[in-house]
Amino acid sequence: MKPRVAVIQFPGSNDDRDAVWALKALGADASLVWHAEPELPDETGAVVLPGGFSYGDYLRCGAIARFAPIMDAVTRFAAENGLVLGICNGFQILCEAGLLPGVLRPNASLSFICRDVAVRVERSDTPFTSRCEPGQKLVIPIKHHDGAWFAPPDLVEELEARGQILLRYEDNPNGALDSVAGVGNEAGNVMGLMPHPEHAVDPLLGSGDGAFLLASLLDAVAERPSVPVALA
């Protein structure tokens, strides 16, 4: 069976269909799940929270989406060791929901940034980076205004010691603390990153490096038993 991936669709998501397309191109059974749904589809193997501007970012990026009905199901899924990946706005939502450490602040330039960036893989022994080598450079596009990751210095030290910093920018584009581009939770089953791997799965788009991350996720889904979808 193809790995089944649920891509959560919030009002204002604009990379949801791109994520579905990229995952399908890599062999997944990917489908959109509307934010008002109370549960994830049966036999969901992974959840992807895509990029965009959920609820228009009218309060704070991801702050309203964090309370969407589907997020209760996503939180339960993550607690049962289900794999969850948040991309850009999805990363912001996971931080707001407390599923990932830190916050995303406005870029140091106070302007929207949209360009390819190089990121360095810090670890390859995770479900999201298994197809990579430690220190490998990936070229993946970014497009965000509030993408500067921040956490208190003592927390950053703890995350570093526990190996939760997964990606770093080679040339920091947004002022993220310690050049952090992607972080994971302590259990290792939730990851958030600001670059958009779904826009880098075909060299015709400028880079195929995003496929390393998405294919790693699909490998992990295929290798682990399915997570039962817990009922409220």
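**Note on the strands, cysteines and ring contacts of a predicted model**

1. Strand β1, residues 4–9, is mostly covered, since five of its six residues are buried, where buried means under 20% relative accessible area, exposed means over 50% and partly exposed lies in between, with a 1.4 Å probe and protein chains only. Strands here are DSSP runs of E with at least two residues, helices are runs of H or I with at least four, and both are numbered from the N terminus. The model is a predicted one, in which local features need pLDDT of at least 70 and side-chain atom pairs count only at pLDDT 80 or more, while totals for chains, interfaces and linings use all residues. Residues are numbered from 1 along each chain as its sequence is written, and side-chain values use heavy atoms, with hydrogens and water left out.

2. On the overall form, the protein chain comes to five helices and 11 strands. Its radius of gyration, 16 Å, is close to the 17 Å that the globule rule gives for 232 residues, so the chain is as compact as a globular protein of that length; the radius is taken over C-alpha atoms, and the rule is 2.2 Å times the number of residues to the power 0.38. Along the principal axes, the C-alpha atoms fill a box of roughly 40 × 35 × 35 Å, and 53% of the 232 residues count as buried.

3. Strand β1 pairs with two partners, pairing being called where DSSP finds at least two bridges between strands. With β2, residues 29–34, β1 runs parallel over six bridges, and Arg 4 stands opposite Asp 29 of β2. With β3, residues 46–49, β1 is again parallel, over three bridges, and here Ala 6 faces Val 47.

4. Two β-α-β units can be traced. One is made by β1, helix α1 (residues 16–25) and β2, and is right-handed; the other, also right-handed, is made by β3, helix α2 (residues 69–79) and β4. A crossover is given this hand if, with the strands pointing away from the viewer, the path from the first strand over the helix to the second runs clockwise.

5. Strand β4 is covered along its length, with five of its five residues buried. Leu 83, Leu 85 and Ile 87 point one way from β4 and Val 84 and Gly 86 the other way, all of them buried. On one pairing, β3 joins β4 in parallel through four bridges, with Val 48 partnered by Leu 85. On another, β4 joins β11, residues 190–193, in parallel, also through four bridges; Leu 85 stands opposite Met 191, and Ile 87 has Leu 193 as its bridge partner.

6. In β11 the side chains again divide between two directions, Val 190 and Gly 192 pointing one way and Met 191 and Leu 193 the other, and all are buried. Strand β11 also pairs with β10 in the antiparallel sense, over three bridges, and Val 183 stands opposite Gly 192. These two strands form a hairpin with five residues between them, and Gly 188 in the turn has a positive phi of about 85°.

7. Most residues other than glycine have a negative phi. Two residues deserve a look on this point. Cys 88, in the loop between β4 (83–87) and α3 (89–96), has a positive phi near 55°. Asp 178, in the loop between β9 (165–169) and β10 (180–184), has a positive phi of about 60°, and it is partly exposed, with a relative accessible area of 40%.

8. A charge sits over a ring if NZ of Lys or CZ of Arg is within 6 Å of the ring centre and within 35 degrees of the ring normal. Arg 66 lies over the face of Phe 67, at 4.7 Å from the ring centre, and the charged end of Arg 105 sits over the ring of Phe 150, 4.1 Å from its centre.
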